Amino acid sequence: MQFKEIVGQAAVKQRLINSVNENRVSHAQLFLGPEGSGSLALAVAYAQYLCCEDKQPNDSCGVCSSCRKYQKLMHPDLHFSYPFFAKHKDDTALTFIEQWREAFIAYPYLSLDIWRDYLDAENKQANINIAECHQIIKKLSLKPFESTYKVLILWLPEYLDKEGNALLKIIEEPQPNTLFLLVAQNQDQILNTILSRTQLIKIPSLGYNDIKNYLIEKHNQTEDAAAQVAYLSNGNLTEALVMLQQDTKGYHKIFVDWLRLCYANKGLEIFPFVDQIAKMGRENQKNFLRYGVSFIRECCLLMAGAGNLVHLPAQELDTAQKMTNVMNIEQAQAISAELEKTHYHVERNANPKILFLDVSLQIIKVLKFKTIPQGTQYIPN
């Protein structure tokens, strides 16, 4: 993995390169970024650059012996640890290393849901067990085999329970030239004892244009299709790539038609709509609701006088501007809250016909009768 293969994050890439060139490599670093930001890919690219035998000014060479092994994730001084679904108490990350290599090479923007699909998870919970902690200590107690540095990349340390305290000594006092890279999404779920021993590197969500341009250039999407997926993904490239495999077209028309039916209180016409949505399938229902929440948010920005922050195609922008004439911020927030609740229940396999009929009735109450549910009122500054 080279830096040039990673979407956006120019400032983070430059910071990492500078730390190597200026010999300021901290032995324990925490790459903290939301899902789809590329934090795992950045950690691998950083390790590859550090061990490259012919470093270029802005990237690893990609052709030396070390780089070729890194690209296959088979370098003897590169180790991985990650959550897995143990079948036996002595299972460790090495038990699933072949699946891990296959998953990361296919999906550098890996998520836990994608990783789960590569394993026989059944109903087990993912975790990093005590056997894996002991395996990490064993790996890092040895000297580097080929490179200057021995690197361990620990993905999602949030899944380390109290067993993670076994790693404190090796993190605080590692062997010389040992690099410990943690890649996390939620700082609050990491053991404080581990957090305090690492140097924090914050990785922001990807920008709208970063995702849009990537989809156009690398996935041959039209500008309109890329714009809609980038808009829906909200900075999460993993989510954007999943959406490419689904039908994301037509959400705008369906959503606006739905709001018009609710505004006009056309109850009998809502039933065919509910049947239509129920046939879309769970993932498309979630994307439809996600689009609705995002569209309502853009309407709120217009109503708040922040039109310069709105990212909508011309046709959708025109519709959003018209929407601001028939609802206020209180109503918009109430509708958004109902859509988010519906998304939550779709994820948990609620009956779609009952669910979408109910949310339709709630939106009628908000738009037609201006009844705002308690607890959703907008409080001005």
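**Helix α15 and its neighbours**

Author: α12 and α15 are roughly parallel to each other, because their axes cross at roughly 15 degrees and angles under 35 degrees count as roughly parallel. Please keep in mind that this is a predicted model. The two axes come within 12 Å, and α12, which covers residues 251-263, passes α15 in a left-handed crossing. On the α12 side, the contact is made by His252, Val256 and Leu259; α15 brings Gln315, Glu316, Thr319 and Met323. Sorted by class, this contact has 3 nonpolar, 3 polar and 1 charged residues.

Now turn to α14, residues 282-303, which also packs with α15, residues 314-323. Here the angle is about 65 degrees and the axes are 9 Å apart, and α14 passes α15 in a right-handed crossing. Tyr291, Phe295, Cys299 and Leu302 are the α14 residues involved. They meet Glu316, Leu317, Thr319, Ala320, Gln321 and Met323 in α15. By class, the contact of α14 with α15 has 7 nonpolar, 2 polar and 1 charged residues.

Together with Ile153, Phe288 has the most contacts inside the largest nonpolar core, a group of 102 residues. The largest share of this core, 11 residues, comes from helix α2, residues 39-51. Leaving aside neighbours within four places in sequence, Phe288 is in contact with Tyr251, Ile254, Phe255, Trp258, Phe273, Ile277, Met280 and Phe356. A second, separate core has 20 residues, among them Leu140, Leu160, Leu182 and Leu195.

Terms used:
Residues are numbered from 1 along each chain as its sequence is written. This is a predicted model: local features need pLDDT of at least 70, side-chain atom pairs count only at pLDDT 80 or more; totals for chains, interfaces and linings use all residues. Side-chain values use heavy atoms; hydrogens and water are left out. A nonpolar core is a set of buried Ala, Val, Leu, Ile, Met, Phe, Trp, Tyr and Cys residues joined through side-chain atoms within 4.5 Å. Buried means under 20% relative accessible area, exposed over 50%, partly exposed in between (1.4 Å probe, protein chains only). Helices (H or I, at least four residues) and strands (E, at least two) are DSSP runs, numbered from the N terminus. Contact means heavy atoms within 4.5 Å. Axes are lines fitted to C-alpha atoms, for helices over the stretch in contact, and angles run from 0 to 180 degrees between N-to-C directions. A crossing is left-handed if the near helix is turned anticlockwise from the far one by less than a right angle, and right-handed if clockwise. Ala, Val, Leu, Ile, Met, Phe, Trp, Tyr, Cys and Pro count as nonpolar, Asp, Glu, Lys and Arg as charged, and the others, Gly among them, as polar. Angles under 35 degrees count as roughly parallel, over 145 as roughly antiparallel, 65 to 115 as roughly perpendicular and the rest as oblique.
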